[in-house]
Every structure is written in C-alpha cells, then in structure tokens.
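User: I would like to go through the labels used for this model and see what each one rests on. Please set each value against its cut-off.

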Amino acid sequence: MPPLSSAQQKAMVTQFVSLTGTTERHATRYLRSTGFKLNEAVDVYFAAGSEQQGPSAVETKLDGLFSSLRDDQNDDKDRLELESTMAYLDGKLKVNLENAELFIALELVQAPSVGEITRKGYVDGWKAVGAGATHQEHATHIQRLTSTLSTDQILFKKVYRYTFVAGRERDQKSLSLETAIIYWGMLFSPPGMAWKTKNHDWLELWQTFLGEKWTRSVNRDMWNMILEFALKTVADESLSFWSEDSAWPSVIDDFVEWCGQKGIGKSESMDMDRDA
C-alpha cells in the first residue's frame, strides 16, 4: 500500500473522530500506531476501553458551566441544592417556576427532585439534546420545547411522567395528594395540555372530585393512568371509552360515577336505564 497523502490522513482522522467521538489528537495517535488502517485502529481504540477517551469538548464546557452555578459554601461538589437550583432555573434559563415549563427543565437534566440538580444529570442531559454549551442556548431550547408542549404528545407524556419522579419527597414512593393536585394544575394548563373540552373543564372537575372524595396519596400507577384518562377524555368527553369492565384504577371509576351524578358523561344515561 503506497504512503497516504496528508489529505488522505486528515480525512481518515475525520472518519475516526466521527466513529468514536474522540479528539483528533487521539485519533491521530491510534491511526499512526496501526499504519493508518482505519478499521484496525477503531478496534484497538474500543478495545482499550472508554477510559482512554476522556471527556469531549462539549462535556468539558458543560462541566465548567455546571461548576459556575455552584455555591461553594452551600452546594456539594456534584450537586446544586435548592437555592442554586432555583437561581439557575429562574435566573439563567428564565423558566417560569409556576407552570409546566419547570418540569420540562427538570426532566431534561434528570433532576432527582424539584430542588436538586446533579452534575451528571446536567452534563448528560444537555449533551444529549445537542443544544450547545451556553446558558442562552439552553434557555432558547427550553423555550422551543415549551412552545410545543401542548401539541407534542410524546414530549408531554415524557414530562408528565417525570414530574412524579422529581415531585416526590426523598424516600417516598408516592406523591402527597396536595402536591399532586398542584402539579396536575401546572401540567394540565397552558403551556401544558389543557384538560378541557367544549362543554367541560375536566381539570376543575377532577380537582373538585379529589377535594370531596379522595384523601389518600397518589402512587405512580394512579399518576400515569390519570394522564391516559385525560387524553381519552379530551378526545371523547362523553366518556364512552370507559366501562365497568375496563382496567382503570378505582379512583377513576369513582370519578366517572361522580361525573354521572352531575349529568356529565354517559354514566347518567346508564343510571337512568338501570332505574327504568
């Protein structure tokens, strides 16, 4: 094989970087060690283990950005506590802390709780979305996600489900009812998905029902099934999708019955048929 020209070597370095995500310096070293045999060099690289890679340039920038958010006196080396977390969300990202936009940001950085962000979650989260490595770029990305939250069902489901994870108190498996009601209010209102139909404000009905009839905490299954129920309700306010034989949680069965007593949904007509 004739010697490779500098242009060919450069192209091979570019290919190596693309395949492995490492730096050009590392790519050149591995290629030279194998006589610029690309496949062999890539095999050697991965066989050597990920510890040979080191952090990418973006990871290094994000890591530094995270460090700049820390309060040396109050925060752990790899974690932002409540005050620093809120300062970041409100001051740097310009997130509205009183609506669903808060949960978009928390899900993105995989915050373990509403008042805590870890270094790993921050770096991995922002790296994964490829939004850049400045607070301004990140704020713009959050704004873009917020503008589509009410119409992007995949995004909304992801944010909704993560809210349960971040919203729990430490070491608790469920949300308190009071907290769950607040979070439902945030998620099912703009910029989130409005839980309303032409004739009914389902969010208001749900909150009223809970205040009258429910006293227990909210577990993960109940939390997730309320989302599925809400989506079906928006598509069919008659509640014709519900039946006594379906596998809805009992709280939803009770809610449908409660609605029927108020002349909402199909339950009223079912009751009338039984009475006749």
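## Labels and their grounds

Analyst: Asp254 counts as partly exposed, because its relative accessibility is 37% and that class lies between 20% and 50%. This is a predicted model. Asp254 sits in helix H13. Its C-alpha atom is separated by 64 Å from that of Ala41, 213 residues apart along the chain.

User: What makes Thr134 buried, exposed or partly exposed?

Analyst: Thr134 has 35% relative accessibility, so it counts as partly exposed. The value falls between the limits of 20% and 50%. Thr134 belongs to the loop between H7 and H8.

User: Why is His138 called buried?

Analyst: Buried means under 20% relative accessible area. His138 has 0%, so the label applies. The residue lies in helix H8, residues 135-148. Neighbours within four places in sequence aside, His138 is in contact with Leu62, Leu65, Tyr88, Leu93, Tyr122, Trp126, Ala131, Gly132 and Ala133.

User: Tyr122 is on that list. What makes its pair with Phe66 tilted?

Analyst: Two values decide. The ring centres of Phe66 and Tyr122 are 5.5 Å apart, and rings pair if their centres lie within 6.5 Å, so they count as a pair. Their planes stand at 55 degrees. Stacked needs under 30 degrees and edge-to-face over 60, so this pair is tilted. By this rule the model has 24 aromatic pairs.

User: Where do the two residues of the pair lie?

Analyst: Phe66 is in helix H4, residues 57-69, and Tyr122 is in helix H7, residues 119-129. They are 56 residues apart, and the pair links distant parts of the chain. Both Phe66 and Tyr122 are buried.

User: Which residues make the contact between H10 and H12?

Analyst: H10 supplies Ala180, Tyr183, Trp184 and Leu187, while H12 supplies Met222, Trp223 and Ile226. By class, this contact has seven nonpolar residues, no polar and no charged.

User: How do you know that H10 and H11 are antiparallel?

Analyst: Their axes cross at roughly 175 degrees. The limit is over 145 degrees, and H10 and H11 are therefore roughly antiparallel. The axes come within 11 Å. On the H10 side the contact uses Leu177, Ile181, Trp184 and Gly185; on the H11 side, Leu203, Trp206, Gln207 and Leu210. The contact of H10 with H11 divides into six nonpolar, two polar and no charged residues.

User: Now the loops. What is the phi of Lys94, and is the residue buried or exposed?

Analyst: Phi of Lys94 is near 60 degrees, a positive value in a residue other than glycine. Lys94 has a relative accessible area of 55%, and exposed means over 50%, so Lys94 is exposed. It lies in the loop between H5 (82-92) and H6 (101-108).

User: And Leu239: what makes it buried or exposed?

Analyst: Leu239 has 0% relative accessibility, which is under 20%, so it counts as buried. Its phi, near 65 degrees, is positive too, in a residue other than glycine. Leu239 is in the loop between H12 and H13.

User: Which peptide bond is cis?

Analyst: The bond from Pro190 to Pro191 is cis, with omega near 5 degrees. Pro191 is in the loop between H10 and H11.

How values were computed. Residues are numbered from 1 along each chain as its sequence is written. This is a predicted model: local features need pLDDT of at least 70, side-chain atom pairs count only at pLDDT 80 or more; totals for chains, interfaces and linings use all residues. Side-chain values use heavy atoms; hydrogens and water are left out. Contact means heavy atoms within 4.5 Å. Helices (H or I, at least four residues) and strands (E, at least two) are DSSP runs, numbered from the N terminus. Ala, Val, Leu, Ile, Met, Phe, Trp, Tyr, Cys and Pro count as nonpolar, Asp, Glu, Lys and Arg as charged, and the others, Gly among them, as polar. Rings of Phe, Tyr and Trp (its six-membered ring) pair if their centres lie within 6.5 Å; planes under 30 degrees apart count as stacked, over 60 as edge-to-face and the rest as tilted. Buried means under 20% relative accessible area, exposed over 50%, partly exposed in between (1.4 Å probe, protein chains only). Axes are lines fitted to C-alpha atoms, for helices over the stretch in contact, and angles run from 0 to 180 degrees between N-to-C directions. Angles under 35 degrees count as roughly parallel, over 145 as roughly antiparallel, 65 to 115 as roughly perpendicular and the rest as oblique.
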